[in-house]
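Please keep the structure open while you read.

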Amino acid sequence: MKNTRKAISLWNRGHWKDYVFSQGMLLIASLLLVFFISIGLGVGNILQRFLSSDLPEEQVRVTPLGVQAGFFQTERGGMEITADIMDSLAALPQVDRIDPQVYAHVPAYLRGLLGGRNYYTDITLEGVSHAFVPDSVLEHIDWNYTLSDSATKPLPIILSENLLILYNAGFAESNGLMGLTPEGVIGLEVQVNVGSSSIASLQAPPINLRAEIVGTSRNTALFALAVPIEFVEEINAIYLPDDRHTYSALMVTAHKAEDVPEIVRYAEEMGLSAETRRGIAQKAEILVGVVTAALGALAAAILFSSVASAIHTLVADLKNRSYALGVLVALGTKRERLVYIFAFQIFFMSLISTVSGGLLGCGLSYLVSTTLLNLLPVLKMAVSSLAVYPVGWLSTGLGLVLSVSTVSAWFFFRKILATPVTELLRR
Amino acid sequence: MSKPLIDAQSINKTFDRLKVLDGTNFTLSEGEFVAITGKSGVGKSTLLGVLGALDPAFTGKLILNGVNAAEATSVQLAELRREFMGFIFQDFHLLPNLSAFDNVLLPAVFCGTDTKSVRNDAAAIISRLGLRNDNTPTRFLSRGERQRVASARALVNNPRVLMADEPTASLDEESEENLFDLLDSIRKEKGFAIIAVLHSKKILSRADRILTLREGILHEKHA
């Protein structure tokens with residue numbers, strides 16, 4: 001409407017400082033809300049990245065309790081998955097199939113060229129079946145492999161994506177090696193030595209094999225390279241024929257997804273750990289959810305009180321200047337026009353404060369993200385930014401704040417301006 | 001004979017059980033200067049509030065510029081106040097942080113009318129009333145100057161009726177005379193009528209009619 005800005009400017013001349021505190025609060029609250037949401041979602045992405053899994057809905061990954069670090073912490077001691085346990089699980093009516101995984105109890109190392117430089121690392125091999133290998137990989141690769149194939153084809157390896165992240169962040173950068181992406185490592189040929197490593201060797205002579213990385217997965221054990229299970233069974237039998245046969249993990253496939261909880265319950269009762277797609281996702285969701293919700297609720301509470309404070313300030317100002325309002329009404333200003341002007345003022349001020357606060361919040365989260373990523377390279381390899389800007393949600397939030405403040409202001413101003421003009425003039 | 005600008009018949013107004021206006025009759029013709037007097041608390045300001053369409057809570061018949069005020073909507077009453085009348089309040093009711101010019105312009109700005117022409121009128125009336133058209137906030141002006149700013153604000157819309165509630169209260173005699181000299185000369189030019197609540201005998205002598213409010217009824221005595 002005509003002259004609204006001029007009217008606001010005249011009405012508030014000499015009074016702007018009255019709004020500094022409430023608008024400052026609104027600005028800071030918007031800043032905090034955007035910052036918490038942005039960083040909270042970013043942290044969520046990181047957790048999702050580390051904790052996510054490609055497990056099908058009807059699969060359960062059953063492992064011994066505790067952290068497994070492959071060869072360096074074998075399954076010996078504590079609860080181990082034996083053939084009896086596997087049979088017991090297989091006997092459950094809900095179970096359709098079990099695909100076991102086996103650690104090679106044999107020391108091994110890997111050698112190759114990375115970016116023209118020699119690369120060496122001790123490794124743990126874990127034997128997995130076809131069921132574990134993504135279909136996209138099986139289309140191109142024959143997953144069957146025994147020592148007799150070593151002359152004709154390379155040993156296929158599936159690499160943990162999380163291991164790649166750790167390599168990039170913790171090792172490559174500090175040693176001046178090139179960073180690796182999942183796409184970049186596929187097709188990479190390396191030499192695998194079985195029977196000895198930098199810290200251990202066995203009596204039987206080591207075997208040198210040509211190997212090729214054929215895929216990456218989020219489901220492999222962090223420190224193990226997944227290779228065909230027949231191969232691992234074979235080298236375990238060659239190097240440690242007297243060892244008790246145990247499994248590193250069982251991929252249990254249920255008949256249907258609804259059967260999964262029963263299998264989980266049974267495995268846990270036996271003292272084993274059971275991971276499901278839902279369980280893994282829940283870990284990330286709960287972690288991020290709790291932190292983001294707590295910080296978001298705090299910021300929302302501040303935002304709510306700031307909006308209330310902003311409205312209260314303007315209402316108090318109008319009450320203190322009722323005589324002037326009375327003059328305006330007496331001189332022929334329609335009450336609705338005054339309500340419109342003052343509601344527009346609160347809308348305008350809130351818009352400036354919340355948008356400025358939002359932009360500052362984005363800037364702050366960007367700054368924090370950049371700083372943290374520079375300080376912690378491991379994060380840098382997992383995500384490109386710690387700050388996430390859900391423009392739709394932020395715009396909706398902004399719209400909500402503005403709607404609430406404007407509508408509440410409208411309501412309060414109408415109430416004040418319903419006072420008879422003669423009474424306003426007397427105040 | 002032309003229709004009166006204001007025609008009030010049998011106006012009653014009570015506050016709780018207190019009857020302030022008791023069948024009051026009043027008419028105002030074009031260009032007329034009517035002074036209202038009476039003791040403090042007798043209801044002069046109340047009467048002005050009713051006649052000025054500020055207080056719709058009354059009974060009786062009130063015709064303002066041909067409009068029946070008792071049946072008019074709040075928007076129509078606002079329009080009457082804006083275009084038909086001008087008000088000078090006892091305490092001026094200026095916005096102290098605004099200059100004289102902005103105070104005069106304020107009603108037009110808030111009413112959303114085109115301020116271009118009002119700006120010229122505001123500058124003219126400010127100059128006519130001997131005020132400085134600068135940015136000095138009115139809180140720094142003398143009482144007499146503020147009175148003139150309030151008068152300028154009331155006159156800027158070229159009203160047909162100027163309502164003034166003790167406009168010269170607490171002004172010295174000279175300032176009082178000066179203000180009414182100015183108002184008289186402008187009234188002669190523009191032809192507006194005045195209803196003013198007054199006490200000063202000198203100023204009362206300028207009025208065409210003097211009405212005394214007593215026990216809720218206006219009693220006329222010729223000047």
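The numbered points below go from confidence to the interface, and then through each chain.

1. **Confidence.** This is a predicted model. Chain A has a mean pLDDT of 82, and 91% of its residues reach 70 or more. Where pLDDT is low, the predicted coordinates should not be read in detail.

2. **The interface.** How many residues does the contact take from chain A and from chain B? It takes 23 residues from chain A and 23 residues from chain B. On the side of chain A that touches chain B, the elements giving two or more residues are α1 (4-12), α10 (322-330), α11 (335-375) and α14 (421-426) of chain A. The most comes from α10(A), with 5 residues. By class, this side of chain A has 12 nonpolar, 5 polar and 6 charged residues.

3. **An enclosed strand in chain A.** Look at strand β1 (residues 59-64) of chain A. Of its 6 residues, 6 are buried, so β1(A) is largely enclosed by the rest of the structure. β1(A) pairs with strand β9 (residues 249-254) of chain A in the antiparallel sense, over 4 bridges. There, A:Thr253 in β9(A) stands opposite A:Gln59. β1(A) is also joined to strand β10 (residues 272-276) of chain A by 5 bridges, again antiparallel. In that pairing, A:Thr63 has A:Ser273 of β10(A) as its bridge partner.

4. **A two-faced strand in chain A.** Which residues of strand β6 (residues 189-194) of chain A lie on the covered face, and which on the uncovered one? A:Val190, A:Val192 and A:Val194 make the covered face. A:Glu189, A:Gln191 and A:Asn193 make the uncovered face. Strand β3 (residues 108-114) of chain A runs antiparallel to β6(A), and 4 bridges join them. A:Val190 stands opposite A:Ala211 in β7(A).

5. **A helix in chain A.** Helix α13 (residues 391-417) of chain A has 27 residues. From first C-alpha to last, α13(A) reaches 38 Å, close to the 39 Å expected at 1.5 Å a residue. Which residues of α13(A) are buried? They are A:Val401, A:Ser405, A:Thr406, A:Ala409, A:Phe412, A:Phe413 and A:Leu417. An α-helix has 3.6 residues a turn, so residues three or four places apart point the same way. Keep that in mind when you read the list.

6. **Chain B overall.** Chain B has 7 helices and 10 strands. Of its 223 residues, 48% are buried. Take the contacts in chain B between residues at least 6 apart in sequence: 69% of them join residues at least 24 apart.

7. **An open sheet in chain B.** Four strands form this sheet, in the order β2-β1-β4-β5 (chain B), with antiparallel pairing. Why is one side of β2(B) and of β5 (67-68) of chain B left without a neighbour in the sheet? Both stand at the edges, each with a single partner strand, so one side of each has no neighbour there. Helix α1 (residues 44-51) of chain B packs on the sheet and touches β1, β2 and β4 (59-64) of chain B. The direction of this helix makes about 55° with that of β2(B). β1(B) and β2(B) pair in the antiparallel sense over 8 bridges. B:Lys13 has B:Leu21 in β2(B) as its bridge partner.

8. **Two backbone checks in chain B.** B:Asp16 is not a glycine, yet it has a positive phi of about 55°. B:Asp16 lies in the loop between β1 (6-15) and β2 (18-28) of chain B. Is B:Asp16 buried or exposed? B:Asp16 is exposed, with 5 other C-beta atoms within 10 Å. B:Asn158, not a glycine either, has a positive phi of about 50°. B:Asn158 sits in the loop between α5 (143-155) and β7 (161-165) of chain B. B:Asn158 is exposed, with 12 other C-beta atoms within 10 Å. The cut-off matters here, because a residue counts as exposed at 12 or fewer.

Terms used:
Residues are numbered from 1 along each chain as its sequence is written. Chains are lettered from A and ligands numbered from 1 in the order in which they are written. This is a predicted model: local features need pLDDT of at least 70, side-chain atom pairs count only at pLDDT 80 or more; totals for chains, interfaces and linings use all residues. pLDDT is the predictor's confidence in each residue, from 0 to 100. Two residues are in contact if their C-beta atoms, placed from the backbone, lie within 7 Å. Ala, Val, Leu, Ile, Met, Phe, Trp, Tyr, Cys and Pro count as nonpolar, Asp, Glu, Lys and Arg as charged, and the others, Gly among them, as polar. A residue is buried if 20 or more other C-beta atoms lie within 10 Å of its own, exposed if 12 or fewer, and partly exposed in between; C-beta atoms are placed from the backbone. Two strands pair if DSSP finds at least two bridges between them. Axes are lines fitted to C-alpha atoms, for helices over the stretch in contact, and angles run from 0 to 180 degrees between N-to-C directions. The expected span of a helix is 1.5 Å times one less than its number of residues.
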